[in-house]
Structure formats: structure tokens, C-alpha cells
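Open the model in a viewer and keep the selection panel at hand.

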Amino acid sequence: MFLTRNRLLFVSALLCLFYATTAKASERWVIQFKQNQSAQENARQSRLSVSQKQQEIGALVAELSKVHKRQFRMVRAFGNQGAIVVLPTESNWNMEQVRQRLESDPRVESVALDRRIRLRAQSPLIGLLNGLDPSRQSRSWFHQAVSSQPASMNSATLWANFHGTAPTVVAVLDTGVLPSHPMLQGHLLSGYDFVADPFIGADGQASSGSDRDADPTDPGDGVTPADLLFDPACGAVSQSSWHGSFVSGLLAGNPVVSEGIFPVNWNAAVLPVRVLGKCGGFSTDLADGIRWAAGLNVPGVPANPFPAKVINLSLGAEGECVGAIEGAAVAAARQAGALVVVASGNDGGSVDSPANCPGAFGVGALDQQGLKANYSNYGPSIQLVAPGGDAAFPIWSASNTGFSTPLSNTYNTKIGTSFSAPMVAGAASLYWSVNPSASVATVESALKSSARPFLSFSNRQICSVNTPGVECNCTTALCGAGMLDVFRLVTGVAQGGLTNLFSNSGTVIAPGSSGVFSAEGSLDSTGQEVSAVSFDLINIVKSDSSAPDPVLTSTGLTVEVAATAGVLGFDLRAQVANGRSAIASIVVQNPGATSPTLLASLLSPLINGASSGIGLPSSPVGNVVLDGSDSPPAGGGSSSGGGGGALQLFGLFALLILLGCFKRTK
């Protein structure tokens, strides 16, 4: 009797599960060798090429294999004096004994596991009430005034006068980005792909055994049954997360008013650094990515022309910080002048690495009520908490409908500390846009001193080491200095007021159309509202050098800019009499995107396959209320990703059960 399709899928899943629980994945270890600090040796090392250094490290690994009678296969060199090695999969050695023996070798400085790094996001299973909100107001709950949303980061209050400025560079170390997404247009710098393993990279760009390249585009990180058979460390079959685009859009993207979706800093520049792919990534790739993002040298990789002031890590690995790998990278980045903001993790317990590394700025998550979210990790290494959402009030940002590879750009929901971190990173970038010369310590101090006190609910227990995995009232001992408040952070550093950076709804103009930008409400250096602002265009980029410049027509505090044919983008500058200025980077292109529909939002977690355009197209609904004058209705969120294919009966049954859910219970 032939198996039906459903039974075949069921049997395949069981086989994958059996294999995943019985197979042993190869372990990767990082061996750091002691360095000769003599001036003569340093000079010799500086003259070596990358391949020559690789050969020298390889020779040291070969010597260790011979002396310790263990066959270490070198994957690649790591840093200036280290090696990533793999032991035979069939070995049954006691790894701790092997590690201790290696560390006793006079040539070895340290030995550490090259751990798997994972995303720090969860997708709500359903978004019924949020999907039923025609105004989209509930999507922006975490921006609104604290009078109506006490757990908000209070950014909408700031936007009355300030949206951020272009020069602040924020690195997002994640799954890469979707360069075509409308929310990211005009915000992406030239980044890098640090995923070295071709299987994890999964972008078909591998050469000489490495997948690293200058293209940080996200090809999708979905896991198939075949992937799980190949590498049991993948954990489970899953669809692509589009996590890097989600984080980047939330941190510094174009506001999408018709969708009710807004970033923290409307004008920061995102440096995309891909360190995760299919089945996560390795801590050594992460460490290299951190160093590169901060402008430091990474052997074999071109120098970063855009060193970041802020580095966002919405990822991590369970356990303590490994000082020789991610710990050293975080310390080096901080020394170079970059604030490393890290999600604490979503296990509901102790803080993950690298959020617990010395010098990292660990961030925990609040739910919409202002309680520590049940999923959020917590502990003494947390510096601050910010909204991470729950199933009723999730976080909205950029996404894609593709199940495995990119299809249509869209907007969707997730929850987790993955999104608390970029809120803090975006806030830090706003601070630096006002005070570019501030030190890392100064920005850290400002983030914490401007935080609002934690809320306290009489019907909720106080967070303690004995309350893992539950909502609870935060304390400074376990949740940091308080709740992120963007308004208090930025206005606290303003010297005599802020220049309003154009009260517009975005920085993308369609070809042949015009954009209207306003500087109403701008303040001069004495804090007085200005009555006149001069506008001009700088840094005009054209596809054809003979194309005419954009046409600028200003009236008082308002300017209209018409995008002429052949113009790809430009910077619009506003200046007041005393020299204060602001710049908005404008991109000329069609910004259209697929909008998530109610049906797709409800069913996407339960559907197999890629999206085929389920549901009716949505239409713009005008400006979304951000001042918090009315409390938004309770809402939920949909899973990241798309739909399509056949909806199984168990999915419909599950949908009926989930309709009454308002909170994610982990």
C-alpha cells in the first residue's frame, strides 16, 4: 500500500527527529597560540601575507596532532594567532580531558568551543486583534506616549522635534538584509558577509572552501528536512526568519505610515554584517564580524570604510561569555569606540553570551504591560530593558513572504529580546547624532540615567532567581537601570534645543514625483523656534551625469523637491541662521511593497510552502496616531514569513483554539 502524502511527510519527520536525536555533530574548537611579543617577531609577522599566516598556523596544528596523538583538522585560521579545528566525528574522546591537555601545552594560550550562535526572536502564533485594527494604531504601541502605553520607549514624543540625523552608523550583525525592501531604501551601507561555512551561508557564493564575501544579502535561513539530516545542530525544520531585515528596519528604516510601522532613528545608516545563516552561525564568525564592524582589522577581509558607533547583536548562545572569542571581540570594539548592544536571550532564565560579556550592553524585554516578559532572560548583567512585545502586542517591522528564498517584501510581527536590543541601539544612535564626540561610557551612562523607573503591579510577583519563565515586576538587581526612554535620553543632551529633521513620513520619492519636507518647530541654539530655514541639495547621485538636478521650491519652513529623471538620490540640508543644520538622505525609487493581510497574518504560521498572494490587497489608511491620545485596542501579531500551499485540518483546529489567546506563554 502506497503512503499518502501526509503520511509520507509524517514518516519523514519522524526519521528526521530520530536522526537528530541520535547523530552527533562535529564539534569545532578554537585554539589560541601564545604570541612572541618581541619586536623582531612582530615585524616578521607584519610582513607575512594572509596565506603565509594560514600556513604557519596550520603547521602548529599539525604539531599538536602529532604530539597529542589526536587528529585535529584545521578549518581556518582565527585572528592573528589562532585556529579553528574539528575533531573526527567518530571519536569518543572525553572532550574536557582533551581541552585540558591542550591548554597544558606550552605553545597554547587557550582552548574554547566554537559555539553555535542563534537568533533571539520568537514569532507570535496569531495576531487576531492587531489584524482587526483598521487604523494600524496598535502596531506602533511601543512608540506612543507613556500616558497611554506605560511600557513604551516614548519615542513619538521626541519625533515632534527630532527624527535623528544621517551620519550615525549602526552595524546590524544578523542574517543579512533584503536590499530591495522599501523600509531599508536609503539606509544601507556596503557591509560584509562573514559566514564562512558554505552550508550555513547557503548563498552559492562559496570559493576556496569559504562562503565569506562582500555581499550581506539574506538568501533565507529556512531549514528543510534534508538540512536537518545533514546537520542535526539545525534543531528543527523552519521557515526563513528574515530577521536581519526586521531588526534593521526597526532600528533605522523608513517610516511606513500607511502600515503603522516606524523605526527608532529615521535617518541612521545601517551597516549590514551577515554572521548568521541556515541553522545559526559560529561564535568565531561573530567575533570577526564585531571587530570588522568597529573598524578593526580582520585578516583576509578588506577594511571597513564605515566604522560603526553602535553594534547591534540580536543573537547569542547559552552559557557564560567565552573570553577568548566573543569576549575579546566585544572588548576590542568597545576600546575602538563602539557600543555593543546585545539581546539577553529568550529562555526566561539567566543571560546568554555575549550579553553577559564584560563591556557589552545587555538588554532585556518588557511586555506591553511593563512587566518583564515571560520569555526574557534576566540577571545582573542586564543594563536596561525595552519593549519586546507579546502575542497581543507584538513588534512590527520589515519582512518577506518567502518560505525559504525571498519572494515579496512585506511587514510582519515578531516578539523577543531580539527587538528590545535594536530599540536601545537606535536610541544610542540618536544620542550620538546630537553629541557626535560622546564616548561609549558617556552614552551608556546617559541611557541608564534617562531610563524611567520600573512599573510595579500588586498582583504580580517580584522578579527573583526563583521566578524563571514568568512575567514579573522588574528590579534594578535583575533588569538593569530601568525602562528605555528615548525622549528623556535625547532631550537631556540637547544644547538649547534640537533642529527638527523634517517632519515628513519618509525619505523615499518615486521617480518623477515630488516630496514635501517641513522644518516647522525647529529650534535654534537658544531654544527659540525659528521663523526661517534655508534649504539646499548636496551629494546628488545620478545614473546619468547629464541629468538635471532635482528642482527645489521652498516656502518659509516648507520645501518641495521634484525628483528629475536620472537622479538616484540626494541629501536635503536645512540650515538656520546660527549655523545649526540637519540633513535628510533622500532615495528616488518606487517604494511599493506587499502589505500583510488579515488572512495571511492569521494563517501564515500554519501554512506549508511559499506565499502565493493570499488575501486582498490593503489600502493606505492615512496617518497613524502616535501621540497616545487614545489607547489602542488590544492586538496580536502574526508569524514572520509568508503562506501558501495547503492548510491542514489540524491547522484549522489549532487556529480555532488560538483565537482566544492574548498572551504568549512560552
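Buried means under 20% relative accessible area, exposed means over 50%, and partly exposed is in between, with a 1.4 Å probe and protein chains only. This is a predicted model, in which local features need pLDDT of at least 70 and side-chain atom pairs count only at pLDDT 80 or more, while totals for chains, interfaces and linings use all residues. Residues are numbered from 1 along each chain as its sequence is written, and side-chain values use heavy atoms, with hydrogens and water left out.

**Stop 1: Lys309.** Select Lys309, in the loop between α10 and β10 (310-313). Helices (H or I, at least four residues) and strands (E, at least two) are DSSP runs, numbered from the N terminus. Lys309 has a relative accessible area of 27%, so this residue is partly exposed. Now show what is in contact with Lys309, where contact means heavy atoms within 4.5 Å. Beyond its neighbours within four places in sequence, Lys309 touches Val169, Gly337, Ala338, Leu339, Trp432, Pro436 and Ala438.

**Stop 2: α12 and α15.** Select residues 417-434 (α12) and 486-493 (α15), whose axes come within 9 Å and cross at roughly 15°. Axes are lines fitted to C-alpha atoms, for helices over the stretch in contact, and angles run from 0 to 180 degrees between N-to-C directions. The two helices, α12 and α15, are therefore roughly parallel (angles under 35 degrees). Show the side chains of Ala427, Ala428, Leu430, Tyr431 and Val434 in α12, which meet Val486, Leu489, Val490 and Val493 in α15. By class, the contact of α12 with α15 has 9 nonpolar, no polar and no charged residues. Nonpolar covers Ala, Val, Leu, Ile, Met, Phe, Trp, Tyr, Cys and Pro; charged covers Asp, Glu, Lys and Arg; the others, Gly among them, are polar.

**Stop 3: α10 and α11.** Select residues 283-293 (α10) and 323-335 (α11): their axes come within 9 Å and cross at roughly 5°. Helices α10 and α11 are therefore roughly parallel too. On the α10 side the contact includes Ser283 and Arg291, and on the α11 side Glu326 and Ala329. The contact of α10 with α11 divides into 8 nonpolar, 2 polar and 2 charged residues.

**Stop 4: α9.** Select residues 243-252: 10 of the 10 residues of α9 are buried, so this helix is largely enclosed by the rest of the structure.

**Last view.** Zoom out to the protein, with 17 helices and 23 strands. Of its 666 residues, 55% are buried.

How values were computed
Angles under 35 degrees count as roughly parallel, over 145 as roughly antiparallel, 65 to 115 as roughly perpendicular and the rest as oblique.
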